[in-house]
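Let's take a walk through this protein chain, from the whole fold down to a few parts. Have the sequence and the 3D view handy.

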Amino acid sequence: MKMYDIHSHILYGVDDGAACIEESIEMVLQAAKGGIKTMIATPHYIEGLHSNNYKDNLDKFNNLIRETDRLRIDMKIYLGNEVLITPELPELIKSGVVAPLNNSRYILIELPFFDIPSYTEKVLFNLEMGGYRAILAHPERNEHIINDLNILYDFIRRGALVQMNISSIKGAYGKRVYKAALKMLKCRMVHFVGTDMHSPEKRQLDISSAIKTLEIHCPDQVNKLLQDNPRRIIINEPIIAGELCRIGRT
Ligand SMILES: [Fe+2]
């Protein structure tokens, strides 16, 4: 299987991910070793903290591509952002400050860990009206969603898609996140699995063991999560969320 990783902080010197190009390369090699063939670099965009303009990211991205080509690393790399939700999100896309994944209709959005801001629904609606589709980054780590997965169910029913971190199903963020992640998989509330890798050291990945866990819990979804759906992002094709079930409190 040619695996895709749609969420990574491999772009150097732009956020709390890779610090330098050497570290970027190390991370790409680590992903390649785990069987990943295609990655999307998704630098944070957090107003006032990591607010690099997409054009600046693009310069560094082009350097990174030149280097991976020079080293003949077998990895296709694309660019996007992971944007912390803000009421200005539609304008930020429009003005080119942030970018959807590979400039497709799909935009990777992060919610705060301890809050679901009151403007979230409105922002998601405005994005949809603008022709974009939201992908929620690792919602299994959001305190409100952990407590009530039906919040996530409602977002999905309104058109949002879900990216889960591969390390959530390995217990890297604790038992509550692990349990929420498994329930999400069981209820088909996950559409992509990503690494969210920040450095070669942090969040050490054992991709093959995470895949084995996926194969145990949702064997029929593994291809869809790691290959079919992510491929559709790259070529900007529609993604069908599929059937999901409403579940009780965790
Ligand atoms: Fe991230």
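What percentage of the 250 residues of the protein chain count as buried? It's 43%. Keep in mind that this is a predicted model.

## The whole chain

The protein chain is built from nine helices and nine strands. Its C-alpha atoms fill a box of roughly 50 × 40 × 30 Å along the principal axes. The radius of gyration is 17 Å, which agrees with the value near 18 Å that a compact globule of 250 residues would have.

Now for the contacts. Taking those with a separation of 6 or more, 77% are between residues 24 or more positions apart.

If you'd like a pair to look up, Tyr-4 has Thr-38 in S2 as its bridge partner.

## Helix H1, face by face

H1 covers residues 21-33, so to speak a 13-residue helix, and spans 18 Å from first C-alpha to last, close to the 18 Å expected at 1.5 Å a residue. Which residues of H1 are buried? They are Ser-24, Ile-25, Met-27, Val-28 and Ala-31. Looking down the axis of H1, you'd find these buried residues within an arc of 160°, so they line one face of the helix.

What do the buried residues of H1 pack against? Their partners are strand S1 (3-8), strand S2 (36-41) and helix H2 (54-70). On the face turned away from the buried side, H1 carries the exposed residues Glu-22 and Lys-33. After H1 comes Gly-35, with a positive phi near 100°.

## A stop at Asn-150

Asn-150 belongs to helix H6 (residues 150-157). Is Asn-150 buried or partly exposed? It counts as partly exposed, because it has 14 C-beta neighbours inside 10 Å, and a residue needs 20 or more to be buried.

Asn-150 and Cys-245 are 95 residues apart along the chain, yet their C-alpha atoms are separated by 9.2 Å.

Conventions: Residues are numbered from 1 along each chain as its sequence is written. This is a predicted model: local features need pLDDT of at least 70, side-chain atom pairs count only at pLDDT 80 or more; totals for chains, interfaces and linings use all residues. Helices (H or I, at least four residues) and strands (E, at least two) are DSSP runs, numbered from the N terminus. The expected span of a helix is 1.5 Å times one less than its number of residues. A residue is buried if 20 or more other C-beta atoms lie within 10 Å of its own, exposed if 12 or fewer, and partly exposed in between; C-beta atoms are placed from the backbone. The arc is that of the directions from the helix axis to the C-beta atoms. Two residues are in contact if their C-beta atoms, placed from the backbone, lie within 7 Å. The radius of gyration is taken over C-alpha atoms; the globule rule is 2.2 Å times the number of residues to the power 0.38. Two strands pair if DSSP finds at least two bridges between them.
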